[in-house]
Amino acid sequence: MKKQYQYTHSHNEPVHDSSLKHVQGTTIYFDDMPAIEGELHACVVTSPVAKGKIKNIDISAAEKMPGVQCIITAKDIPGDNQMGAVFHDEPCIASQRVDFMGQTLAIVAANSLEEAIRAAAAVKMDIEPEPPILSIEEAINQNAVLQPQRKIERGNVDQVFAQCKHVLSGRFRSGGQEHWYLETQICIAVPGEDDEMTCYCSTQHPSESQAIVAEVLGTDRNRIVVETRRLGGAFGGKETSGNHVAAWAALLAAKSRKAVRLRLTRDTDQAITGKRHRFMSDWKIGFDENGAIQAYEVVLNADAGYASDLTMAILERAMLHAENAYFIPHIRIVGNSWKTNLPSNVAFRGFGQPQGMAVIENAIDQIARFLKKEPNNIRLLNFYGSNERNTAPYGAEIENNRLDSVYSKIVNSSDYHARRKKIDEFNNQSKYIKRGLALTPVKFGISFTTAFLNQAGALVHIYSDGSIQVNHGGIEMGQGLNTKMLQVAAEELGVNVERIKVTATNTSKIPNTSATAASSGTDLNGMAVKNAIDQLKERLKNVAPEILGEMFPNKTILATNIVVENDMVSDASQPSISCNFDEFVAKAYLKQTHLSAAGFYRTPDIWFDRPNGVGKPFHYYAFAMSVSEVEVNILTGRAKLLRADLIEDAGQSINSMIDKGQVIGGFVQGLGWVTTEDLKWNKDGKLLNASPDTYKIPTITDIPVELNIELLENAPNHNTIRRSKAVGEPPFPLAISAWLAIKDAVSAVYDHQIEPPLSIPATNEEIVICIAKMK
């Protein structure tokens, strides 16, 4: 077989299957695809106001512009003018009113991108503006409720609060975040015969993109094919937003009968797409003199933007992680969603978990400062137990709890206590430079909380030359999913990875896929691939006695003794009876053996009763911890992360280097959320930093000077593919330790006697303002 993969030296694992192509510059992303003859370029016409009534959209002048082939407004949509993923409250093209600045009012296709942009600028809009709602407080004051309130409750919260020796309360804010994927939103829509349409679409959810395109075109899903080879990043930002671009491109392609390429510029992408949800959370916590938490109440208020999108699922996950790693006997968690005149906020790595977790971590930090105790002692005291105190607020048992073992390991490996002593000594000597140290635990539930989404399909072909093609419903977006599927297929079948090729995800091969999200890509698709491989192995075993019997006459060969290992098919009871895989498959083909199998998997034993707030919404939990040390200049607010120690529970890792890469990437992206990334809108609802030169993602100077990453060893996860655990999202909230370390450093300004009023993100400006408020 032709060598096509590179391997790590230390673990003999295949490296990311696209890594060599990335270095060589030969990786093909959507905008690298050659132009199709007659292909048109598209541009969106967007609203200049955040809220208002549409009185008229005049496209007459734009239609006469050079190169213009097609302009579509809402009245031209042949199907449903809707692209809401869950609730139909998100029009494909605005028709009667606009609800955020940047909402699409028309779409244009022309011979060139420049001509399309000029024509879009020539569209005249008459909109009667109205005062927009731009903050959660305004939404609450105007009762701009998006969806009904949710609640999870256990115990007698009010009664216990009345009996608690100590009660603290407060309001905590966490900001939004731009996804900043390297590849902006893009779709190439190609019309076929009749009403067929093929969309090459940068989406995390091809089946949903297929469904939305079919709905706006007014046709059946079997006429629409969505194909996705890889994404140039996504982080949740292409779970639903990719549907929008696909719908717009498909509408133009259907009307013009020509291929249409629609890709958003970086500034347009940042201006009109949804972000991580801003949260404003009111909390109250009761505890005893030791810091044992007796009662906790939190009201999570999420800024949904103008439409529902996935807000309720995101809010639900925030609620399901509101207690993080702690057993709280009496707890009330309330979730509210509020409508504002901003782009509909969408999925983002963590999917609400970081916003819910940050509130309780801040509250525990305040308990420690109030009691003048080490914060880790408070955390350790309140951790979930293994055999008792191990039931979540929603009734599920926290199984295979590894909090204590991870805690012991990271406290020792990070040399936490000695460094704490040195930091205290440093702060006593230094007036304007302060240092801080913090530890943060993470308990992250793995599964879609919408139970039916926990399913996946795969299609595996063995060709008569012995080469193998693997198709699955997941999306490769840089996280190494295809590499892991390659390894799963090879290990389950017993062959070398070199004979396997993982193809582009295509809805005509794998139908009804779920999004590659919720950190479930490997869990679901890996098990589906295994299911297909199991079927193929059974067929090979059944035909083996006949094939091997012809090669080794007068030998008794039983199907039950056949094994496939190291590219050989052999009789385990008679090792000399064997055949190389290529020759065996060729003979199996001649014996009319079916060498293709469709695999399927559904996650067992998960359910959730939303009205009553009880259930088992997760298949398992991933555990992780981080220790961060920072240095803060209290005059400028500049915070420098000196060291970070991370331990991630990845089960029995399928590919340790890829998993460590995910831990690093998640932590650094989380670092941006808690320190540098601060979305700014003006009073009219315009995003002021919708550009790489004004929006500050982490750079090389923000990465810790010393970064230590470890995957928890000897921690296999049962009932999952290759005994592994998900690793995409759990590392993200580990960055909260950096935020708490900044808060610890700021607290040292007044010898930890005053609670710092710091929220997320802790930008330079916010740190300076926080210190000023403490005077």
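A salt bridge is taken here as a side-chain nitrogen of Lys or Arg within 4 Å of a carboxyl oxygen of Asp or Glu. In this predicted model, Glu 755 and Lys 743 form such a salt bridge, with 2.6 Å between the closest N and O atoms. Lys 743 belongs to helix 18 (736–747) and Glu 755 to the loop between that helix and helix 19 (764–773), so the contact ties together parts that are 12 residues apart in sequence. The two partners are placed in separate accessibility classes: Lys 743 is buried, at 0% relative accessibility, whereas Glu 755 is partly exposed, at 26%.

Across the whole structure, the search returned 46 salt bridges. Arg 499 takes part in a salt bridge with Asp 567, at an N to O distance of 3.0 Å. This pair links distant parts of the chain, 68 residues apart: Arg 499 is in the loop between helix 14 (481–493) and strand 19 (500–502), and Asp 567 is in the loop between strand 21 (562–565) and strand 22 (568–571). Asp 582 also forms a salt bridge with Arg 499, and here the closest N and O atoms are 2.6 Å apart. Asp 582 lies in helix 16 (residues 581–590), 83 residues from Arg 499, and this pair too links distant parts of the chain.

The relative accessible area of Arg 499 is 6%, and the residue is therefore classed as buried, the cut-off being under 20%. Asp 567 is likewise buried, with a value of 18%, while Asp 582, at 29%, counts as partly exposed. Elsewhere, salt bridges join Lys 151, Glu 153, Asp 158, Glu 297 and Arg 332 in a network.

The largest cavity holds about 190 Å³ of space. It is lined by 21 residues, of which Glu 90, Phe 100, His 244, Trp 248 and Ile 272 are the closest to its centre. Helix 7 (residues 241–256) supplies the largest share of this lining, with 4 residues. By class, the lining of the largest cavity comprises 11 nonpolar, 9 polar and 1 charged residues.

The second largest cavity contains about 90 Å³ of space. Its lining consists of 15 residues, and those closest to the centre are Lys 275, Leu 342, Pro 343, Asn 345 and Trp 681. In this second lining, 6 residues are nonpolar, 5 are polar and 4 are charged.

How values were computed: Residues are numbered from 1 along each chain as its sequence is written. This is a predicted model: local features need pLDDT of at least 70, side-chain atom pairs count only at pLDDT 80 or more; totals for chains, interfaces and linings use all residues. Side-chain values use heavy atoms; hydrogens and water are left out. Helices (H or I, at least four residues) and strands (E, at least two) are DSSP runs, numbered from the N terminus. Buried means under 20% relative accessible area, exposed over 50%, partly exposed in between (1.4 Å probe, protein chains only). On a 1 Å grid over the protein atoms alone, a cavity is a set of points where a 1.4 Å probe fits but cannot get out, and a pocket is an open set with protein on both sides within 12 Å along at least five of seven lines; lining residues have an atom within 4 Å of a point. Grid points are joined across faces, edges and corners, and a volume is the space filled by probe spheres set on the points. Ala, Val, Leu, Ile, Met, Phe, Trp, Tyr, Cys and Pro count as nonpolar, Asp, Glu, Lys and Arg as charged, and the others, Gly among them, as polar.
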